[in-house]
Amino acid sequence: MYTEYDSIIDSLIEKMSLDEKIGQLNQITGPLKDSQIEDIKTAIRNGQVGSIILASSSTAGNDPQGHVNIELYNELQRVAVEESRLKIPMIYGRDVIHGHRTVYPIPLASAAAFNEELIEECYRDIATEAASDGIHWTFSPMLDLCHDPRWGRIIEGPGEDPYVGACMARACVKGFQGKDLKDKDSIAACAKHYIGYGASEGGRDYHRTEIADATLYNYYVPAFREAVKAGVATVMSSFNDISGVPVTGSKKHLTDILRGKLSFEGFTVSDWGAVEQLQKQGVAASRADCAKIALEAGLDLNMCDRCYIEELKDLVLNGDVSEETVNTAVKRILRVKFAIGLFDRPYRENFAYDKEKHLENSRKLALESMVLLKNDNVLPLNKESRIALMGPFTHEKRSLLGSWVLDGKENETPSLFEAMTNVLGRKNFYCQSNSRFYDDTNYIYPNADVVIMALGESNLATGENRAVSDISLSLSQRELIDKIHATGKKIVGVFFCGRPMAMEGVADKLDAVLYAWHSGSETANAVCDILFGKAVPCGKTAVTFPRKSGHIPLYYNVTSSGRPVDCYYNENPANCYLDSTPTPYYPFGYGLSYTTFKYGEIKAQNNSILLDDLKAGKNIEISIDISNTGEFDGKEIVELYIRDRVASIMRPIRELKQFKKPLIKKGETINVNFSLGYKDLGL
Ligand code: BGC
């Protein structure tokens, strides 16, 4: 797919000087001040800039960022395509992670929607908005599976399951890149952080990981493999080391696996400053060493730390790095520049799009992402009842958007208070409306029949470099829950969170729990749709909810131990903790609806199959009848798990292999089919 222009690229490379080649491998940050513009133009004119990252700091998801400025980008591009010797356009990248101007749910929430088509549609919207602002390339999707909710970046990924990870990879890449990367509303995607970053020890960001090959291939690789299959243009290497080898400098991971086994044809980019970090990580003695190790490992574009531009020339002239290695990296970068049509259309222009439709999609995805974790006959609420709203997230807007929001606007985001006021008016709706001095610890709203508590964690507690050692709800929120619980009123807890939080001692004091996540621009409206029965909840957890931090790591797809045997999620606590119940508070794949579903018997068309037939393309056909036995039409996520009972290595007790999410009308029974083939059953 990316090799189509190789012969044109080869002749272009022949014309390039060594400096110009190395310039293509250099990504700089855009001008932060007007005074920097002339220097940047000079560098571009001299062919020293291959790419610009439109971010002003290395942790862009948590720092305020400058606004996108398409006029400036076009002017800089003009210098590249009119004033540089070979007129090669630059590629502009920005962290458009889960939304651009319209913000969609954080990826961990989207994963809970188990709805690939909808995710793809939303990521199409995101690409459209970003492309209209002159952005060519996003550093997304983030595909780091994770077992540790203390890690702030768990919010950016698909959760704990390789199959869900692969589905997210496919949906996001197809959404961003559209039918044709050259289309004006498509942007290049970047599968990151390759690879194993989610295994950072103790959830501490940027830390070491220990990943054996079997785990690497069976657990961490599948999402990246799927991204490559979906045609992802670029891959970002991760900060972490794997068993002492930083991925930024690992030929095994960047070349042997990514290029050799996965057949990736686009270019790789380092994470911010990761090339020079090889020295800090203790595998390089100098910046020159860093450049040599990274380039020779297969790292093509150097993000921001200038190691390549400053060191590679001498390395090549001294014979320490071959010019052929430089050429290979240049070629891969040019492949993507050609594939996205930069040579034909270097300038970008604002174009109109249907913002209302995007908000609608954002609301749909938010609705499908939210998970009803508990409901003791309280929800949906009757709008006529007397309802109080309290808790620290009552007037919150920014956190609802989530981390990694560079261009979405807090002031365009309704708070839960505003959204509820819209639905209920102020009659029989009790809430302090003054958000500046908002403190409701002294209110118990004696007239209310039901209290909605808006709880959770700030977006600033999540994202890059935001690990926590304890996934409990804050003490003040737990005390507030205790206080309202003591009144005997019905309580609905709405949780605005990025990660799964420890719900022991919390959920048991609530009558209903809606996990709303940080679900983007329409979070509060979607919560209201669910609370008041306009929508029926249909999300399920894509990550395990441990009871307490001390149980981390806890995830569903573990192998059986020899003692006790077959103990899914430690449900037989022998040999587990002496001081606490070891099972999760909510398992992977869990979520309630307002309606009820009855599962029939699982039927397999063929109970056994020969390996040769499987290899030849024959499948195992499985089906099940599912009836909607409740009072509402509803969508049900039907999850198909397998277990490989005897294999060359131990296999998980349960492994998700496929899912479907049909809408089943009340009273209706439908037949859901699955088909498993050789690839689904292999390891
Ligand atoms: C993050 C990446 C991000 C990059 C550019 C890094 O610190 O790890 O996820 O894409 O910065 O902003």
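Searching the whole structure turns up three cavities of 30 Å³ or more. The model is a predicted one. Rolling a probe the size of a water molecule over the atoms shows where empty space is left.

Take the largest cavity. It holds about 110 Å³ of space. Its lining is made up of 16 residues. Nearest the centre are Ser 58, Asp 95, Asp 271, Trp 404 and Glu 464. By type, the lining splits into eight nonpolar, three polar and five charged residues.

Now turn to the ligand. There are 14 residues around it. Those that come nearest are Ser 58, Asp 95, Arg 153, His 193 and Asp 271. Ser 58, Asp 95 and Asp 271 are also among the residues nearest the centre of the largest cavity.

Which ligand atoms do the side chains meet? For Asp 271, a side-chain N or O atom is 2.6 Å from an oxygen atom of the ligand. Arg 153 also places a side-chain N or O atom by a ligand oxygen, at 2.7 Å. Glu 464, named above in the cavity lining, has a polar side-chain atom 2.7 Å from an oxygen atom of the ligand.

Next, look at strand E11, residues 371-375. Is this strand enclosed or open? Four of its five residues are buried, so E11 is largely enclosed by the rest of the structure. Buried here means under 20% relative accessible area. The partner of E11 is strand E16, residues 512-515. Four bridges join the two strands, and they run antiparallel. Within this pairing, Asn 375 stands opposite Ala 512 of E16.

Conventions:
Residues numbered from 1 in each chain as written. Predicted model: local features only at pLDDT ≥ 70, side-chain atom pairs only at ≥ 80, totals over all residues. Heavy atoms only, no water. 1 Å grid on protein atoms, 1.4 Å probe; cavity = no way out; pocket = protein on both sides within 12 Å on 5 of 7 lines; lining within 4 Å. Points joined across faces, edges and corners; volume = space filled by probe spheres on them. Nonpolar A, V, L, I, M, F, W, Y, C, P; charged D, E, K, R; others polar. Buried < 20%, exposed > 50% of the residue type's maximum accessible area, 1.4 Å probe, protein only. Pairing = 2+ DSSP bridges. Near = heavy atom within 4 Å. Polar contact = N/O pair within 3.5 Å; in protein donor to acceptor, adjacent residues only side chain to side chain.
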